[in-house]
Amino acid sequence: MSDVKRKRKVLNVKQKLEILQKLDKGESASPDAEDVLNEGNTISHSAALQSVETLLDYMGQRGFDYGGIAAVRKIRVDIRQEMNKQQKQRRITNFLKQ
């Protein structure tokens with residue numbers, strides 16, 4: 001087994017919110033994400049969903065206004081819809097391979 005440790009850069013809450021807002025508007029957030037993350041890394045839908053859930057918890061604790069919380073909830077719904085869409089596509093592909 002290899003003892004190589006990979007450096008992991010983590011987005012702070014503000015950076016995550018900015019990227020999620022860009023994605024919600026249909027804009028590309030790739031340049032922002034690449035500035036912070038290692039090149040070639042992608043975030044899974046489940047990791048994105050977990051980050052959004054964490055952000056919602058934080059916003060609730062800090063008393064953010066309803067509009068901000070509603071926007072993040074919409075992002076959560078969008079991520080779940082995309083997850084379901086990709087899962088359906090995988091099922092169809094797997095079925096056709098059989």
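View 1. Helix 1 has twelve residues, and its first and last C-alpha atoms lie 16 Å apart, close to the 16 Å expected at 1.5 Å a residue. The expected span is 1.5 Å times one less than the number of residues. Helices are DSSP runs of H or I with at least four residues, strands are E runs of at least two, and numbering starts at the N terminus. G26 follows helix 1 and has a positive phi, near 85°. The model is predicted: local features need pLDDT of at least 70, side-chain atom pairs count only at pLDDT 80 or more, and totals for chains, interfaces and linings use all residues. Residues are numbered from 1 along each chain as its sequence is written, and side-chain values use heavy atoms, without hydrogens and water.

**View 2. The whole chain.** The protein holds four helices and zero strands. From the N terminus, the order of elements is α-α-α-α. Of the 98 residues, 18% are buried. Buried means under 20% relative accessible area, exposed means over 50%, and partly exposed lies in between (1.4 Å probe, protein chains only). Contact means heavy atoms within 4.5 Å. Among contacts between residues at least 6 apart in sequence, 59% join residues at least 24 apart.

**View 3. Helix 1 crossing helix 3.** The axes of helix 1 (residues 13-24) and helix 3 (residues 45-62) come within 11 Å and cross at roughly 115°. Axes are lines fitted to C-alpha atoms, for helices over the stretch in contact; angles run from 0 to 180 degrees between N-to-C directions. The crossing of helix 1 and helix 3 is left-handed. That term applies if the near helix is turned anticlockwise from the far one by less than a right angle; clockwise is right-handed. On helix 1, V13, K16, L17 and L20 take part; they meet S51, V52, L55 and Y58 of helix 3. By class, this contact has six nonpolar residues, one polar and one charged. Nonpolar covers Ala, Val, Leu, Ile, Met, Phe, Trp, Tyr, Cys and Pro; charged covers Asp, Glu, Lys and Arg; the others, Gly among them, are polar.

**View 4. The aromatic pair.** The structure holds one such pair. Y58 and F64 form it, tilted, at 6.0 Å centre to centre with 55° between the planes. Rings of Phe, Tyr and Trp (its six-membered ring) pair if their centres lie within 6.5 Å; planes under 30 degrees apart are stacked, over 60 edge-to-face, and the rest tilted. Y58 counts as partly exposed because its relative accessibility is 33%. F64 is also partly exposed, at 37%.

**View 5. Helix 4 and its buried residues.** The 32 residues of helix 4 should span 46 Å at 1.5 Å a residue, and the end C-alpha atoms are 46 Å apart, so the two agree. I69, V72, I75, R76 and I79 are buried in helix 4. An α-helix has 3.6 residues a turn, so residues three or four places apart point the same way. The buried residues of helix 4 pack against helix 1 and helix 3.

**View 6. Close-up of I69.** I69 sits in helix 4 (residues 66-97). I69 counts as buried because its relative accessibility is 14%. Not counting residues up to four places away in sequence, I69 touches L56, M59 and F64.

**View 7. Close-up of A48.** A48 lies in helix 3. A48 is buried, at 13% relative accessibility. Neighbours within four places in sequence aside, A48 contacts I43 and I79. A48 and R76 are 28 residues apart along the chain, yet 8.6 Å separates their C-alpha atoms.
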